[in-house]
Amino acid sequence: MAGHRVRLAALTMGVVSMLAVSGGIADASAGRTYRVAYQGPFSAETTCNAYSAALNDPPDVYSSPCFYSESGVPGYKLLPGWYFRYQYSID
């Protein structure tokens with residue numbers, strides 16, 4: 001059951017990211033526009049976390065915690081592994 005939730009969450013994030021990438025996400029509080037992307041797959045969670053932390057550079061880039069997906073990220077890569085989502089400013 002938990003594996004099904006992880007796959008559903010990854011699928012949902014993939015669909016949301018595809019919509020966000022096509023139009024950008026406006027951050028009204030900062031007056032900036034962000035695009036959403038993913039990095040991965042990584043074979044180890046620790047490696048994924050290290051890359052996510054290194055990329056995080058607010059307010060230009062915001063990275064999220066890593067998640068594991070057996071089916072990959074729709075619209076990005078359909079390979080199993082660890083991924084993280086990030087938003088980057090296009091302004």
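Ser52 has its place in helix H2, which spans residues 45-55; helices (H or I, at least four residues) and strands (E, at least two) are DSSP runs, numbered from the N terminus. The structure is a predicted model, in which local features need pLDDT of at least 70 and side-chain atom pairs count only at pLDDT 80 or more, while totals for chains, interfaces and linings use all residues. Residues are numbered from 1 along each chain as its sequence is written, and side-chain values use heavy atoms, with hydrogens and water left out.

Ser52 is buried, with a relative accessible area of 6%. Here, buried means under 20% relative accessible area, exposed means over 50%, and partly exposed lies in between (1.4 Å probe, protein chains only). When residues up to four places away in sequence are not counted, Ser52 touches Ser63, Ser64, Cys66 and Phe84; a contact means heavy atoms within 4.5 Å. Two of these residues, Cys66 and Phe84, are taken up in turn below.

Cys66 is joined to Cys48 by a disulfide, with an S to S distance of 2.2 Å. A disulfide is a covalent bond between the sulfur atoms of two cysteines, and the criterion applied is a pair of cysteine sulfur atoms within 2.5 Å. The structure holds one disulfide. Because Cys48 lies in helix H2 and Cys66 in the loop between strand S3 (61-63) and strand S4 (67-69), the pair ties together parts that are 18 residues apart in sequence. The torsion about the S-S bond of Cys48 and Cys66 is about -100°, and the disulfide is therefore left-handed. Both cysteines are buried: Cys48 has a relative accessibility of 0%, and Cys66 has a relative accessible area of 13%.

Phe84 belongs to one aromatic cluster together with Phe42, Tyr51, Tyr86 and Tyr88. A pair of aromatic rings is described by the distance of the centres and the angle of the planes. Rings of Phe, Tyr and Trp (its six-membered ring) pair if their centres lie within 6.5 Å; planes under 30 degrees apart count as stacked, over 60 as edge-to-face and the rest as tilted. The structure holds ten aromatic pairs. One of them is formed by Phe84 and Tyr86, which are tilted at 45° between the planes and 6.0 Å centre to centre. The pair of Tyr86 and Tyr88 is also tilted, because the planes of the rings stand at 40°, with the centres 6.0 Å apart. Phe84 is buried at a relative accessible area of 1% and Tyr86 is buried at 12%, whereas Tyr88 is partly exposed at 31%.
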